[in-house]
Amino acid sequence: MFSFRFCFVVLLVCVCFVPLVSSQCGRTPTPEHCDHGDSSTCGNACCKLAFFVSESPLDSKHILENSLLSGGPENLYTLERPTCDPAAPLCYNQTAQFIDYSPYNLVNPEVGTVFYQGRATHTAPILLFNDTMDFTIGPNTLFVKQYPWALSVIKGFSISGIGGAFGDAGQNYYQLVTLLLNSGFTRVEWKQLDDSCPPPSNSKTDIKITRPNPLVPAL
């Protein structure tokens with residue numbers, strides 16, 4: 001009887017504890033960039049950000065694509081291949097994993113012209129939850145006054161992959177920012193595009209956050 005009760009208690013503790021440490025933002029100590037938690041803004045917890053980089057759209061595509069193909073930070077990112085009809089024009093010579101929309105003059109109301117689009121997943125450690133991440137890349141046409149140095153804008157969106165994820169402890173924001181900061185861009189700055197993943201309630205800063213890429217030495 002004692003053995004059965006002991007095993008039951010151990011099992012209960014494990015079941016209750018594992019979800020808390022199944023993502024980077026559930027660890028102790030908590031990593032940087034886990035302070036923008038979301039509360040089911042998209043039905044599930046999510047985050048949408050605009051990243052401004054100094055590289056051209058084509059170079060930005062190559063940098064982000066290569067980072068994702070190599071697994072990204074902590075080797076937890078996977079770039080997905082586009083799903084489309086192999087006979088469709090957009091699939092002709094489509095050897096890369098971001099779709100090339102540059103010939104079609106597509107415009108997104110939040111970030112302007114879109115040249116490239118791609119999707120990736122982030123796999124959380126331990127329980128292996130997969131969060132979906134979508135990206136568009138295009139020239140910086142709408143934010144020239146705020147970011148005159150930026151040649152491109154990358155729209156990043158991440159949503160928790162498990163159903164019923166009302167909160168994410170900042171995980172969606174963390175995995176977007178961590179990816180862009182560690183992909184090899186010369187300079188990265190970013191801002192919120194909507195009410196998702198807001199800054200902490202005690203924050204004294206606005207929603208625009210800037211930080212240079214730590215991989216690139218300061219000039």
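Which residue forms a disulfide with Cys42? Cys46 does, and the two sulfur atoms sit 2.0 Å apart. The views below come from a predicted model.

**View 1. Cys42 and Cys46 form a disulfide.** A disulfide is a covalent bond between the sulfur atoms of two cysteines. The link of Cys42 and Cys46 is right-handed, with 65 degrees about the S-S bond. Buried means under 20% relative accessible area. Cys46 has 0% relative accessibility, so Cys46 counts as buried. Cys42 is partly exposed, with a relative accessible area of 34%.

**View 2. Cys47 is joined to Cys197 by a disulfide.** The sulfur atoms lie 2.1 Å apart. This link is right-handed, with 65 degrees about the S-S bond. Cys47 belongs to strand S1, while Cys197 sits in the loop between S9 and strand S10 (208–211), so the pair ties together parts that are 150 residues apart in sequence. Cys47 is buried, at a relative accessible area of 0%. Cys197 is buried too, with a value of 0%.

**View 3. A disulfide connects Cys25 and Cys34.** The S to S distance is 2.0 Å. Here the link is left-handed, with -85 degrees about the S-S bond. Cys25 and Cys34 are both buried. The structure holds 3 disulfides.

**View 4. Strand S1 (residues 46–53) is largely enclosed by the rest of the structure.** Why is that said of S1? The reason is that 8 of its 8 residues are buried. Cys46, Lys48, Ala50 and Phe52 point one way from S1. Cys47, Leu49, Phe51 and Val53 point the other way.

**View 5. S1 pairs with strand S8 (residues 152–159) and with strand S9 (residues 188–192).** S1 and S8 run antiparallel and are joined by 8 bridges. Look for Leu49, which stands opposite Gly156 in S8. S1 and S9 also pair in the antiparallel sense, over 5 bridges. On that side, Phe52 stands opposite Glu189 in S9.

**View 6. Lys155 and Glu110 meet in a salt bridge.** Their side chains come to 2.5 Å, N to O. Lys155 lies in strand S8 and Glu110 in the loop between strand S4 (106–108) and strand S5 (112–114), so the pair ties together parts that are 45 residues apart in sequence. Lys155 is buried, with a relative accessible area of 13%. Glu110 is partly exposed, at 24% relative accessibility. Both residues belong to a network of salt bridges that also links Lys48 and Asp194.

**View 7. Arg119 forms a salt bridge with Asp134.** The closest N and O atoms are 2.7 Å apart. Arg119 is in strand S6 (residues 116–123) and Asp134 in strand S7, so named parts 15 residues apart are linked. Arg119 is partly exposed, with a relative accessible area of 39%.

**View 8. Arg187 forms a salt bridge with Glu189.** The closest N and O atoms are 2.8 Å apart. Arg187 is partly exposed, with a relative accessible area of 35%. Glu189 counts as buried, at 9% relative accessibility. The structure holds 6 salt bridges.

**View 9. Thr136 sits in strand S7 (residues 130–139).** Is Thr136 buried or exposed? Thr136 is buried, at a relative accessible area of 12%. Beyond residues up to four places away in sequence, Thr136 touches several others, including Val111, Tyr116, Gln117 and Ile154. Lys155 is also one of them.

Notes
Residues numbered from 1 in each chain as written. Predicted model: local features only at pLDDT ≥ 70, side-chain atom pairs only at ≥ 80, totals over all residues. Heavy atoms only, no water. Buried < 20%, exposed > 50% of the residue type's maximum accessible area, 1.4 Å probe, protein only. Helix = DSSP H or I, 4+ residues; strand = E, 2+ residues; numbered from the N terminus. Pairing = 2+ DSSP bridges. Contact = heavy atoms within 4.5 Å. Disulfide = S-S within 2.5 Å. Salt bridge = Lys/Arg side-chain N within 4 Å of Asp/Glu carboxyl O.
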